[in-house]
Amino acid sequence: MQAIPFRFTVLALVAAAFTPALHAQDGAATASAGEAGAVDVLPQIQVTAERREASLQKTPVSVGVVSGEKVKRQELPLLGDLVGRVAGLSAGGGAASAYSFLFIRGIGTLSPAMPNAVALYLDDVYIPRIHGNGLLASYPDLQRVEVLRGPQDTLYGQNSSAGAIKFISQDPDPQGTNGWVRATAGNHGALGLKGYASSALNPGVLAASLAFATYSDDGYIDAPLLGRKVNRLRTDQFRAKFKLTPGDGLEAVLAIDGTRDRSDSPVATPSNYPGGSPTTTYENRDPSIRRDIAGASLRVSKKLDANTVLKSITAVRGFNDGTYPLLQDGLPTDAYGWLQNNDQKQASQEVQFIGTHNRFTYTIGAIYFREKWQVERPTWTGNASGTSTTYAAAHTWIDNTSYAIYGQTNYRITPELGVTVGARANRDRQDYRNAGYRSNAALEHVSTTYDTGELHQRTSGVTPKVGLDYQWTPVLLTYGTLSRGQKAGSYNPVAASLAVAQVPVNPEKVTTYELGTKFSAFGNRLQVNTSLFYNDFDDYQASISTPTINGVYIPGTVTLNAARAKTYGLEFEASARPTRQLTLNTALTLLQAKFVEFSSAALASTTDYTGNRLAYTPRVTFGLGATYAVPLSSGAALQLNANLRHTGAYFTEIDNSADSRVRAQTLVDAGASYITPDSHWTFALEVKNLFDKSYVVNNNVRPSQGVNSQRYNWPRTVQASVRYDFF
């Protein structure tokens with residue numbers, strides 16, 4: 001347990017020791033880089049982490065960035081594919097379009113029914129639920145992904161106690177016409193078609209774009225009782241955008257998107273059934289998802305003067321599940337599992353003032369958010385002998401309303417020294433009702449077992465932030481921040497008993513201390529960013545799978561406030577271009593995460609997990625990527641790429657039992673692309689999980705139900721594609 005802090009100290013000292021030497025060489029390197037041209041140096045990445053466009057290396061916030069082109073190498077990139085590319089980010093739940101549990105610095109949410117500690121934003125529109133989030137990275141017009149680590153309350157609101165992930169799409173080109181189309185085929189029956197087109201309908205005034213994607217494969221797990229393979233992916237997506245720039249500093253962007261998901265939810269394979277194997281399941285229920293997602297947003301900005309912008313973001317979104325299966329046992333009997341039927345709608349209005357005046361830069365905003373969500377969950381629970389099965393259901397109605405004002409300013413005391421001060425004040429209201437039912441084998445309601453009636457939760461809070469940053473040289477920035485974050489409270493939706501349904505979960509609060517450095521060297525051939533962080537949580541919202549509470553066995557996951565937890569660690573990200581042809585990227589995270597105190601006054605008979613590691617918190621996560629451009633005399637371009645992703649061992653449950661331990665995993669992806677001399681045609685081959693490694697990503701051991709099942713990662717996938725660019 002003590003080795004990790006020692007590693008943190010060593011790495012921090014090494015970074016500090018090398019920094020002066022790197023800066024000493026910057027002057028000489030700059031001249032040679034200038035003579036060689038821009039292709040010799042790394043690009044200057046622009047981010048909007050502080051609600052304004054700025055250089056990544058000049059932004060005193062811990063931000064990881066993945067370009068859209070890197071994400072789109074895979075025909076259907078899922079959120080889990082970002083792990084290893086960005087420091088501090090991990091994911092759980094298996095490879096699926098349905099959802100992925102996301103964690104930043106060891107903090108996330110294990111129950112898809114609860115607010116997520118990692119806030120998700122699609123073009124500045126908040127997405128409160130993780131259902132369907134696995135497909136947010138797969139839109140063809142994705143420009144980049146920004147991962148903001150640590151609480152982001154003063155600019156992005158609550159439910160970002162761990163951080164925020166922003167998916168930023170490309171705006172239409174107001175001046176011309178461009179686009180591309182790509183067709184893909186691969187093993188496991190994979191077929192895909194995606195494209196993007198942008199056109200200036202009235203040059204300089206009105207432009208429009210359309211992105212579309214369709215993908216399907218046959219899955220990779222044999223399911224003899226269903227007569228097909230399962231764990232398949234089948235999705236259709238589109239996004240249309242219209243950009244109006246009539247002049248006088250006015251700009252409006254209307255975006256409309258839709259997703260149709262008919263994939264399978266991840267299916268388990270049993271190890272306690274004759275003939276069971278990692279590639280065979282004996283599941284007797286259809287795992288098909290029937291999810292539809294739609295959204296629309298209108299972003300309007302107006303330059304009030306040369307230094308001030310007024311921005312409005314209006315949005316509506318929603319999703320509906322005809323059936324959402326979560327099949328846990330992989331057995332031909334109803335041992336353990338459930339279905340979910342979700343119907344969610346949301347609307348939001350946000351207004352921002354963004355300005356720069358002399359030494360001040362500031363953002364002031366206000367937001368209104370409203371969400372209505374209904375969810376029904378029929379559940380089946382068997383016994384170890386397989387002689388009986390209990391069928392039950394729960395139905396929840398939730399109405400969330402949130403109001404908040406926020407602001408953050410940076411004042412330059414000197415050109416080198418800046419101070420940041422910010423705060424957010426919020427008031428939240430949740431109206432909640434939960435009812436339980438006995439059901440029959442057809443999952444039809446037979447009788448009502450409980451009804452909470454109308455319950456109400458009212459919470460409010462203020463979350464401040466202070467920070468200092470110092471620009472030692474044009475290529476070295478250091479910063480330190482102290483911030484508070486908050487994740488909203490809630491009730492347990494689709495609770496399995498009245499005792500659980502009636503108990504409110506209080507807001508989770510975190511205090512974060514962070515020190516970071518950002519520097520470049522060798523004429524911007526090398527960029528290195530590091531951060532040390534410490535998170536102290538109060539009323540940590542812990543998720544416990546199938547606990548026994550007040551002597552009653554509870555199927556599913558229960559969330560409760562577990563007193564205190566802490567996480568601390570080091571993040572290291574570096575990019576290098578040692579030669580004109582070679583680009584290297586690496587991301588390293590060292591993490592400790594554990595419960596400092598675990599107690600629940602609201603629910604009796606819960607086990608004390610004080611000292612245990614938090615779930616899905618590997619102590620080491622590492623990624624290394626390389627891209628090499630092979631010079632060709634014909635004028636064509638050949639590019640080779642490879643990516644290694646390593647995730648250390650972790651537990652999927654907070655009890656840290658041997659059954660919930662997932663061993664360390666290392667995966668390698670590789671690819672090659674050939675671009676014709678006229679740059680119109682690109683032929684590519686991408687291989688994911690090159691060495692066909694098989695790892696358990698989730699264990700499900702329930703002796704009382706006779707369940708011993710696992711979920712595995714995807715096997716090797718090979719995809720060939722051809723793309724045509726028109727411009």
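Me: Which residues make the nonpolar surface patch of about 660 Å²?
Reply: That patch is made by V181, L193, L210, F212, F238, F242, L254, I256 and L298. Patches here take residues with over 30% relative accessible area and no salt bridge, joining like charges within 9 Å and nonpolar side chains (Val, Leu, Ile, Met, Phe, Trp, Tyr) within 5 Å. Accessible areas come from the Shrake-Rupley method with a 1.4 Å probe, and for residues only the protein chains shown count as cover.

Me: Before we go on, what should I know about the model?
Reply: This is a predicted model, where local features need pLDDT of at least 70 and side-chain atom pairs count only at pLDDT 80 or more, while totals for chains, interfaces and linings use all residues. Residues are numbered from 1 along each chain as its sequence is written, and side-chain values use heavy atoms, with hydrogens and water left out.

Me: Thanks! Which strands each supply at least two residues of the nonpolar patch?
Reply: Those are β13 (206-216), β16 (234-247) and β17 (250-261). Strands (E, at least two residues) and helices (H or I, at least four) are DSSP runs, numbered from the N terminus.

Me: And where does V181 lie?
Reply: V181 lies in strand β11, residues 177-186. V181 counts as partly exposed because its relative accessibility is 33%; buried means under 20% relative accessible area, exposed over 50%, and partly exposed in between (1.4 Å probe, protein chains only).

Me: New topic: salt bridges. How many does the structure hold?
Reply: The structure holds 39 of them. The rule is a side-chain nitrogen of Lys or Arg within 4 Å of a carboxyl oxygen of Asp or Glu.

Me: Nice. Which residue does D264 meet in a salt bridge?
Reply: The partner of D264 is R228, at 3.0 Å from N to O. The pair links distant parts of the chain, 36 residues apart: D264 is in the loop between β17 and β18 (269-270), and R228 is in strand β15 (residues 228-230).

Me: Is D264 buried or exposed?
Reply: D264 is buried, with a relative accessible area of 2%. R228 is partly exposed, at 22%.

Me: What about K243, which residue does its side chain meet in a salt bridge?
Reply: K243 meets E251, with 3.8 Å from N to O. K243 is buried, with a relative accessible area of 14%, while E251 counts as partly exposed at 24%.

Me: And D321, what is its salt-bridge partner?
Reply: D321 pairs with R291, and their closest N and O atoms are 2.7 Å apart. The two sit 30 residues apart, with D321 in strand β20 and R291 in strand β19. Both D321 and R291 are buried.

Me: Which residues do salt bridges that share partners join into one network?
Reply: That network is made of D123, D171, K241, K243, E251 and R299.

Me: Back to β19 and β20. How many bridges join them?
Reply: 14 bridges join β19 (residues 291-305) to β20 (residues 308-321), and the two strands run antiparallel. Strands pair if DSSP finds at least two bridges between them. They form a hairpin with two residues between them, and the bridge partner of K303 is V309 in β20.

Me: How many bridges join β20 to β22?
Reply: There are 13, again antiparallel, with β22 spanning residues 336-357. T314 stands opposite Q349 in β22.

Me: Last topic, aromatics. How many aromatic pairs are there?
Reply: The count comes to 21 aromatic pairs. Rings of Phe, Tyr and Trp (its six-membered ring) pair if their centres lie within 6.5 Å; planes under 30 degrees apart count as stacked, over 60 as edge-to-face, and the rest as tilted. One of the pairs is Y513 with Y534, tilted, at 6.3 Å centre to centre and 55 degrees between the planes. Y513 is in strand β29 (residues 508-521) and Y534 in strand β30 (residues 526-538), 21 residues apart.

Me: Are those two buried or partly exposed?
Reply: Y513 is partly exposed, with a relative accessible area of 44%, and Y534 is partly exposed at 29%.

Me: What kind of pair do F595 and F598 form?
Reply: F595 and F598 form an edge-to-face pair, 5.2 Å centre to centre with 85 degrees between the planes. F595 is buried, with a relative accessible area of 1%, and F598 counts as buried at 4%. Ring pairs also link F537, Y540, F595, F598 and Y609 into a cluster.
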